[in-house]
Amino acid sequence: HLDLPTMAATERDYFADTYRFESEATVVSFLVIPAEPTSAAKADDSTHVLILNRTIFHPQGGGQPSDRGLVVRETGERVEFEVLAVTARKEDGVIEHRGQIKGGGEFAPGDRVVLRVNEAARRLHARLHSAGHLLDAALKNLGRDDLRPTKGYHFPDNPYVEYEGSVAEADRDSLLTRLNEELRRLVAQAVPVATSLTDGVRIVAVGGLECPCGGTHVASTADLGTITVTKIKKAKQSVRFSYAIA
């Protein structure tokens, strides 16, 4: 990220409502990073970095991709900024929106802007992330407490969760079948997804199983549709469960 002075942490409005796709904010800082000087570089190859006082854009992290969308100044000269990537700075909690201005113009500190998150992508990311958590709950319900989740990859291309522990090769087909049956049962139950704060840590409960998490999630397991574990395989010192949603 950029080497900038410490700022006040960005208010994370996406925590309050996964299904809020439009909001307002105030510009704190706007920077232009020139493209690397090459023979093919053009002026519009520059990257713009926008920092706001609050945001509904979820940054990449916790195994979840960042939101995309638009930030628009609608008063005075219209300025439209396409958000292509969002990152959070660990040291001060500031969220950087990276992308490009569309059609010219620039922001100034104090500008009031409208944020519009890509709704389809947000809904998909929330379903993928919650599905990974529901997989944890299903394994626990099947008595596999010996498997401890260590890594989640909740991207659309090939989502999976890795667990510390092992599953004997001879048991994998049986476990996969029982797991998919349990996932169908939990989805059909329409269990509400709950969030809370414990000692400043955000806790998310999916399928009744609590876990610290900073991601966006569905409102109920019924919103997940069909979750299918497609493969169980050994991955170094862990076991990987790949899944798909439909």
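User: What makes the pair formed by the backbone oxygen of Glu 106 and a polar atom of the Arg 73 side chain a polar contact?
Analyst: The two atoms lie 3.2 Å apart. A polar contact is a pair of N or O atoms within 3.5 Å; within protein, one must be able to donate a hydrogen and the other to accept it, and residues adjacent in sequence count only if both atoms are side-chain atoms. The value of 3.2 Å is within the limit of 3.5 Å, so the pair is a polar contact. The side chains of Arg 73 and Asp 111 are also joined by a polar contact, of 2.8 Å. This is a predicted model: local features need pLDDT of at least 70, side-chain atom pairs count only at pLDDT 80 or more, and totals for chains, interfaces and linings use all residues. Residues are numbered from 1 along each chain as its sequence is written, and side-chain values use heavy atoms, leaving out hydrogens and water.

User: Why is Arg 73 called buried?
Analyst: Arg 73, in strand β5 (residues 69-73), has a relative accessible area of 11%. Buried means under 20%, exposed over 50%, and partly exposed in between (1.4 Å probe, protein chains only). Since 11% is under 20%, Arg 73 is buried. With neighbours within four places in sequence left aside, its contacts (heavy atoms within 4.5 Å) include Arg 78, Val 79, Phe 107 and Val 113.

User: How do you know that Asp 199 and Lys 236 are exposed?
Analyst: Asp 199 has 79% relative accessibility and Lys 236 has 76%; both values are over 50%, so both residues count as exposed. Asp 199 is in the loop between β11 (194-198) and β12, and Lys 236 is in the loop between β14 and β15. Neither is a glycine, yet phi is positive, about 55° in Asp 199 and near 55° in Lys 236.

User: Why is Ala 244 called partly exposed?
Analyst: Ala 244, in strand β15, has a relative accessible area of 33%, which falls between the two limits, so Ala 244 is partly exposed. Its C-alpha atom is separated by 34 Å from that of Asp 199, 45 residues apart along the chain.

User: How do you know that β14 and β15 pair?
Analyst: Two strands pair if DSSP finds at least two bridges between them. Eight bridges join β14 (residues 227-235) to β15 (residues 238-245), so these antiparallel strands pair.

User: What makes a set of residues a nonpolar core, and which members of the largest one touch the most others?
Analyst: The set consists of buried Ala, Val, Leu, Ile, Met, Phe, Trp, Tyr and Cys residues joined through side-chain atoms within 4.5 Å. Of the 31 residues in the largest core, Leu 134, Leu 135, Ile 227 and Phe 241 touch the most other members. The largest share, eight residues, comes from α1. Apart from this core lies another, of 19 residues, among them Phe 30 and Phe 81.

How values were computed:
Helix = DSSP H or I, 4+ residues; strand = E, 2+ residues; numbered from the N terminus.
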